Amino acid sequence: MKAICQLCDSDRSRLAFVKNGYAHFACCDCGSLYVYPRPSSAELLEFYRLEQGNHLSQSCWQESHKHSWDLWKHTLQVARNKAGSGRLLDIGCGSGEFLRFAQKMGWRDVEGIEVIPEIADIAGQLTGAIIYTSDFLETPLAENSYAVITLWDVIEHLSNVPMVLERIFSLLKPGGIVIIGTVNQQGISMRFFKEKSLTVMPPEHLTFFTSKGMRQALKNQHFTGIMCWSCMIYLREWTRFLSRTTSNNTGDIKDYANVRSTLTDSSLFLQLIRVTNVGLKITNLGDELVATAQKGKL
């Protein structure tokens, strides 16, 4: 069966590389990179509930997301301006740091989805919110009820992007906003490291988006007012050179967490990130691709 890009529906692709036994194809039309054939949702759920997947994702659950606070604040302000501060759902909420941040910014009705029960418990304790532990596509949620739905570094993990975006559209109330943060296929780390990038670790990450691919995927599901930009440099890609090991094991994750915590406790470093993000947005070299889109009002 021929590889089809989930984002722009193109069947024109080339084999870019194979890693960990997974073939990665580059779309010749939107430029996105994707694993094909893709694991099923059931296979992925089992992977993340196993110790191996648990360890691979630990870096997303550590504290010290201070370098993301400006981005979180900006996107929540965009959401409030367009959709108000109603019901908010964070898909793949991890230990609940973003949900807690949203609460501090005035969101009172927040919920999360996190498939690993131990991490979901931490999020629930931190926020007092309802945290679902089932697969997003199987979680019973009311349609037309959310003002904001967020996916921070989650959508690249999912096997069926169109189906996920379609359901998000149905869950948003008219005028509601989706906020997506994901790996930028055209970011500086992916350009430099290519298949050696630490973000390329199948079956954890299955799709690497470009702005063009993201826009088309959202348009295909009838979203409007689409905005895309890039920011951030993934610290782990570069701080691994300060670590005693460059493998994806628990020791490396702990080393990275210590380095990240030290850096993000520095006000000078955080100011440097703000300045750098201006240039990354202009050049589209940021490692994080961010998108906001709206469900049209009736």
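Is Arg12 buried, exposed or partly exposed, and at what relative accessibility? Arg12 counts as partly exposed, at 45% relative accessibility, where buried means under 20% relative accessible area, exposed over 50% and partly exposed in between (1.4 Å probe, protein chains only). The model is predicted, so that local features need pLDDT of at least 70 and side-chain atom pairs count only at pLDDT 80 or more, while totals for chains, interfaces and linings use all residues. Residues are numbered from 1 along each chain as its sequence is written, and side-chain values use heavy atoms, with hydrogens and water left out.

**Salt bridges**

- The structure holds 3 salt bridges, each defined as a side-chain nitrogen of Lys or Arg within 4 Å of a carboxyl oxygen of Asp or Glu.
- Arg12 forms a salt bridge with Asp29, their closest N and O atoms being 2.6 Å apart.
- Asp29 lies in the loop between β2 and β3 and Arg12 in the segment before β1, so this pair ties together parts that are 17 residues apart in sequence.
- Arg87 and Glu111 meet through their side chains in a salt bridge (2.8 Å, N to O).
- Arg87 is partly exposed, with a relative accessible area of 22%, whereas Glu111 is buried at 3%.

**Open sheet**

- An open sheet of 4 strands has the order β1-β2-β3-β9 with antiparallel pairing; strands (E, at least two residues) and helices (H or I, at least four) are DSSP runs numbered from the N terminus, and two strands pair if DSSP finds at least two bridges between them.
- The edge strands, β1 (13–19) and β9 (207–208), each pair on one side only.
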